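Please look over the following structure with attention to its strands and its ligand site.

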Amino acid sequence: MTDKAKLIVDGKTYEYPIIIGTEGEKGIDISSLRKDSGYITFDSGYANTGSCLSSITFLDGEKSILRYRGIPIEELAEKASFIETAYLLIYGHLPTKAELEKYSKAFTDQSMIHEGMKNFFDGYPLSGHPMGILSAMIGSMAGYYPELIKPNPSKEEIDLISVELLAKVRTIAAFAYKKSIGEPYVYPRHDLKYVPNFLNMMFASPSKPYEIKEVVVNALMAIFILHADHEQNCSTSSVRLVGSSLANLFASISAGINALWGPLHGGANQAVIEMLQKIQADGGDIHKYITMAKDKSTKFRLMGFGHRIYKNHDPRAKILKARADALFKELGINDPLLDLAKQLEEIALKDSYFIEKKLYPNVDFYSGIILRAIGIPVNMFPVMFAIGRMPGWIAHWKEMLSDPNIKIGRPRQIYMGNTLNHFVPLEKRE
Ligand code: ACO
């Protein structure tokens, strides 16, 4: 195979090195293209643009493969804990028993937030969206750790910030929820592991202790693990782009949370349930909504369907579908919205529009259904995604920072606006 790609433009030939990844992915290194030829590439949505070399996650959308540090997510969802998965992503290998014990203890030790931060919650109206609150709180954590926000943190400092973030994000999320329902905050407990601790902070109250069920813990754990990384998606790319200016980790992750919030990304799990509720309230006519989704003039899309990368099936969705079935069976839940979701899935999967465009249910379709079943309020769904994605964001920020050739992210554009124009004084304007 040739190791150079040739580009012929304006009658001149330029050669560019070919990069082959460890899984055979191929790229053309055009870093010197503009300098050589005066041209840039145009790639709306960056669908064909590799922004970095990364060793964290391998994803093959055609073959529905997703692996963290080489380990298939099917194995991790089945056998690993979220904390082990976080360690794997951030440190590049599975922890030994001693490493895991030390890591888990650090999460317990760091789970409390500064008492002063509680005042922030009081400033928000009850209707404040928890994603907005989460991103603001994570950003404001920088104010509490001035020693950790310098541009080139040491390895030890990065370790410390990442534990602080992972440990505190669930406390902040649970406090935001408690604030929104007007209940007192439930503090993290030292005797509980990561996921049960979070569930307890969300659902226990002074009048009613929360019964921690293994099936619920496992379902939420699977959601966290399956969301833990997904290479250069919109929010991770945002974390990397912000971090490339050497902005601190709190600021970079706060940006990632905002990017995740949109309904085309992590907000889709909330959008799925809202769409199902809308269909239900409108009489449950699924065909009407399928027809709308196919008609571009309506601007309506089937939420939870389609993916930029997966053009076969989303492997995370497959795992969560099985978890949803098990959870509903074990909890004895009979939810008409789930029946509607199943019918919608069945009809869409047989529809030629969805088949031709390779639009399959994505991870958000099933995570929304599971989160609803375990009692997470709909506006907290994207927050669950953010907690899960935290290890991936940290791993990417850390990987980028360790690159000796780190460059500030700065795409170019093709200008399509006015050519030279002159200022017209106000009195002469028409
Ligand atoms: N419903 C109806 N039509 C759709 C849908 C959908 N959910 N998704 C894509 N299409 C159509 C588009 O209209 C387009 O049609 P065209 O070729 O005739 O123009 C074609 O399929 C390709 O769609 P694009 O938007 O070009 O695909 P892209 O890769 O840019 O978008 C995305 C992927 C954003 C996920 C899209 O499928 C979508 O909007 N889905 C619904 C939102 C959603 O579920 N997001 C969660 C993604 S998973 C995650 O973030 C974890």
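The report below takes up the strands and then the ligand surroundings of this predicted model.

**Strands**

Three strands form an open sheet in the order E1-E2-E3, and their pairing is antiparallel. Its edges are strand E1 (4-9) and strand E3 (26-28), each of which pairs on one side only, and neighbouring strands of this sheet are turned by 30° against each other on average, with direction ignored. Between E1 and strand E2 (residues 12-20) there are 6 bridges in the antiparallel sense, and isoleucine 8 has threonine 13 in E2 as its bridge partner.

Strand E4 (residues 57-60) runs antiparallel to strand E5 (residues 65-68), to which 4 bridges join it; phenylalanine 58 stands opposite arginine 67 in E5. The hairpin of E4 and E5 has 4 residues between the strands, and serine 64 takes a positive phi near 55° there. In a regular strand the side chains alternate between the two faces of the sheet. Strand E4 is covered on both faces, with Thr57 and Leu59 buried on one side and Phe58 and Asp60 buried on the other.

**Ligand surroundings**

The ligand is surrounded by 21 residues, of which Lys296, Arg301, Leu302, Arg308 and Lys357 are the closest. By class, this shell comprises 11 nonpolar, 5 polar and 5 charged residues. The table lists polar contacts with the ligand.

| Residue | Residue atom | Ligand atom | Distance |
|---|---|---|---|
| Leucine 302 | backbone N or O | nitrogen | 2.8 Å |
| Glycine 304 | backbone N or O | oxygen | 2.8 Å |
| Arginine 308 | side-chain N or O | oxygen | 2.8 Å |

Taken alone, the ligand exposes 920 Å², and the protein buries 78% of that area.

Methods. Residues numbered from 1 in each chain as written. Predicted model: local features only at pLDDT ≥ 70, side-chain atom pairs only at ≥ 80, totals over all residues. Heavy atoms only, no water. Pairing = 2+ DSSP bridges. Helix = DSSP H or I, 4+ residues; strand = E, 2+ residues; numbered from the N terminus. Axes fitted to C-alpha atoms, helices over the stretch in contact; angles between N-to-C directions. Buried < 20%, exposed > 50% of the residue type's maximum accessible area, 1.4 Å probe, protein only. Near = heavy atom within 4 Å. Polar contact = N/O pair within 3.5 Å; in protein donor to acceptor, adjacent residues only side chain to side chain. Areas by Shrake-Rupley, 256 points an atom, 1.4 Å probe, with all protein chains shown as cover. Nonpolar A, V, L, I, M, F, W, Y, C, P; charged D, E, K, R; others polar.
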